[in-house]
Amino acid sequence: MEKKNLDWGNLSFAYMPTDYRFVAHYKNGAWDEGGLTTDSMCTMSECAGVIQYAQTCFEGLKAYTTKDGRIVAFRPDLNAERLMNSADRLMIPQVSKEMFLRAVDEVVKANAAWVPPYGSGATLYIRPCLFGCGPVIGVAPAPEYEFRIFCTPVGPYFKGGIKPIRLLLSQYDRAAPHGTGDIKAGLNYAMSLYPGHVAKDRGYSENMYLDAATRTNVEETGGANFLFITKDGVVVTPKSDTILPSITRRSLVYIAEHYLGLKVEERVVPFSEIKDFAECALCGTAAVISPVFAVDYEGGSIEFPSGSEKMGPVTQKLRETIVGIQEGTVEAPEGWIRTIC
Ligand SMILES: *Cc1c(COP(=O)(O)O)cnc(C)c1O
């Protein structure tokens with residue numbers, strides 16, 4: 001198979017339509033088989049549930065070319081499970097794990113020419129989405145749904161090396177108690193755009209959100225979970241019902257314990273405690289793991305000892321290990337890597 005003629009080393013994190021996408025429809029109480037199409041446009045009612053009442057959820061995962069030339073996906077079964085949970089909460093009919101994995105396989109295989117080669121630093125970003133496309137005007141679940149997976153090649157999230165970032169403690173809340181913070185709903189992102197703009201306008205990379213109920217405990221950013229490292233080398237990650245359960249974070253916790261022999265604490269993390277940590281990082285599929293160098297808040301600033309030039313040593317080891325597992329140079333735990341072709 002001939003690869004597309006792209007400048008793999010200089011791709012940005014942007015949408016570039018590829019040749020094929022998988023589309024399935026839910027109608028009259030059942031999903032059809034679904035299949036590949038070259039049509040990148042969605043056509044639907046002006047009164048569609050997604051347009052009127054934001055009835056939509058999504059996933060994000062990547063395919064990698066391994067050192068030995070296979071194309072693999074990283075833990076797509078967990079994305080399938082998370083999409084099922086998101087669908088339940090939004091009254092969207094579930095997509096079975098079997099259909100989800102078949103769709104991922106078909107889309108990646110059909111777009112193999114778009115999967116960046118090993119060593120380029122680029123990957124194939126896969127975006128499953130699930131939304132109400134049938135008409136609703138009274139507030140209710142839509143009568144029809146579309147499940148779609150497209151993919152787009154993306155460059156390394158951090159061009160020219162990984163630079164530690166500076167965060168702003170947000171004055172806004174991301175997720176209400178008993179709300180939708182723990183599902184991957186489009187609506188969680190719509191309402192984060194304004195706080196995100198405020199932070200970027202002031203020169204910050206991202207917001208740090210606290211829990212909405214007490215505004216005392218660290219939750220996450222708009223799209224990534226936190227990992228902290230104590231001065232004794234313990235990995236600490238916030239535990240809360242209103243955090244999105246990041247697959248990257250769950251994988252890094254496993255790696256910390258089973259590959260690096262570190263102690264991990266998943267618990268409530270008061271904001272007042274973070275000044276004592278040695279390292280701070282964000283984790284998610286897009287950037288894998290990004291070091292944080294400072295968090296500014298009204299009237300002060302916390303700077304981590306790992307500094308503004310490079311990531312801390314534990315963050316570095318976590319990153320090398322997970323990237324090695326994804327690219328096939330470090331042995332993966334059972335079931336983490338799905339070979340597609
Ligand atoms: C997708 C997402 C993450 C990261 O999850 P991964 O499964 O690691 O990609 C973290 N926080 C939020 C709010 C998200 O939507």
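This is a predicted model: local features need pLDDT of at least 70, side-chain atom pairs count only at pLDDT 80 or more; totals for chains, interfaces and linings use all residues.

**Contacts and core**

Q: How far apart in helix α3 are Arg 102 and Glu 106?
A: Four residues, which puts about one helical turn between Arg 102 and Glu 106; helix α3 covers residues 97–110. Helices here are DSSP runs of H or I with at least four residues, strands are runs of E with at least two, and the numbering goes from the N terminus.

Q: OK, what do Arg 102 and Glu 106 form?
A: A salt bridge, with the closest N and O atoms 3.7 Å apart. The term means a side-chain nitrogen of Lys or Arg within 4 Å of a carboxyl oxygen of Asp or Glu.

Q: How many salt bridges in the whole structure?
A: The search finds 18.

Q: Which residue does Arg 166 bridge to?
A: Glu 303, and the closest N and O atoms are 3.2 Å apart. Arg 166 sits in strand β9 (residues 165–169) and Glu 303 in strand β16 (residues 300–303), so this pair ties together parts that are 137 residues apart in sequence. Arg 166 is partly exposed at 25% relative accessibility, as is Glu 303 at 47%.

Q: And what about Glu 265 and Lys 263?
A: Their side chains meet in a salt bridge, 3.1 Å from N to O. Glu 265 is partly exposed, at 24% relative accessible area. Salt bridges with shared partners join Lys 263, Glu 265, Arg 267 and Glu 273 into one network.

Q: Switching to rings. How many aromatic pairs does the structure hold?
A: There are 14. One of them is Phe 74 with Trp 336, edge-to-face at 5.7 Å centre to centre and 90° between the planes. That pair links distant parts of the chain: Phe 74 is in strand β6 (residues 71–74) and Trp 336 in the loop between α7 (313–327) and β17 (337–339), 262 residues apart. Phe 74 is buried, and so is Trp 336.

Q: How are Phe 228 and Phe 277 paired?
A: They're stacked, 4.8 Å centre to centre with 20° between the planes. Phe 228 belongs to strand β11 (residues 225–229) and Phe 277 to the loop between β13 (264–267) and β14 (279–284), 49 residues apart. Phe 228 is buried at 0% relative accessible area, and Phe 277 is buried at 1%.

Q: What's the cut-off for a pair?
A: Rings of Phe, Tyr and Trp (its six-membered ring) pair if their centres lie within 6.5 Å; planes under 30 degrees apart are stacked, over 60 edge-to-face, and the rest tilted.

Q: Which residues make up the aromatic cluster with Phe 22?
A: Phe 22, Tyr 26, Trp 31, Phe 100, Tyr 145 and Phe 147 form one cluster.

Q: Which residues touch the most other members of the largest nonpolar core?
A: Trp 31, Phe 100, Val 108, Leu 130 and Phe 147, out of 36 residues in that core. Elements giving two or more residues include β1 (21–27), α2 (76–89), α3, β7 (123–132) and β8 (145–154). Helix α3 has the largest share, seven residues. A nonpolar core is a set of buried Ala, Val, Leu, Ile, Met, Phe, Trp, Tyr and Cys residues joined through side-chain atoms within 4.5 Å.

Q: Now the ligand. How many residues surround it?
A: 15, and the closest are Lys 184, Tyr 189, Glu 220, Ser 246 and Thr 285. The cut-off is a residue heavy atom within 4 Å.

Q: How far is a ligand oxygen from the side chain of Arg 82?
A: An oxygen of the ligand is 2.8 Å from a side-chain N or O atom of Arg 82. A backbone N or O atom of Ile 247 lies 2.9 Å from a ligand oxygen.

Q: How much of the ligand does the protein bury?
A: 96% of the 390 Å² that the ligand exposes when taken alone. Those areas come from the Shrake-Rupley method with a 1.4 Å probe.

How values were computed:
Residues are numbered from 1 along each chain as its sequence is written. Side-chain values use heavy atoms; hydrogens and water are left out. Buried means under 20% relative accessible area, exposed over 50%, partly exposed in between (1.4 Å probe, protein chains only). A polar contact is a pair of N or O atoms within 3.5 Å; within protein, one must be able to donate a hydrogen and the other to accept it, and residues adjacent in sequence count only if both atoms are side-chain atoms.
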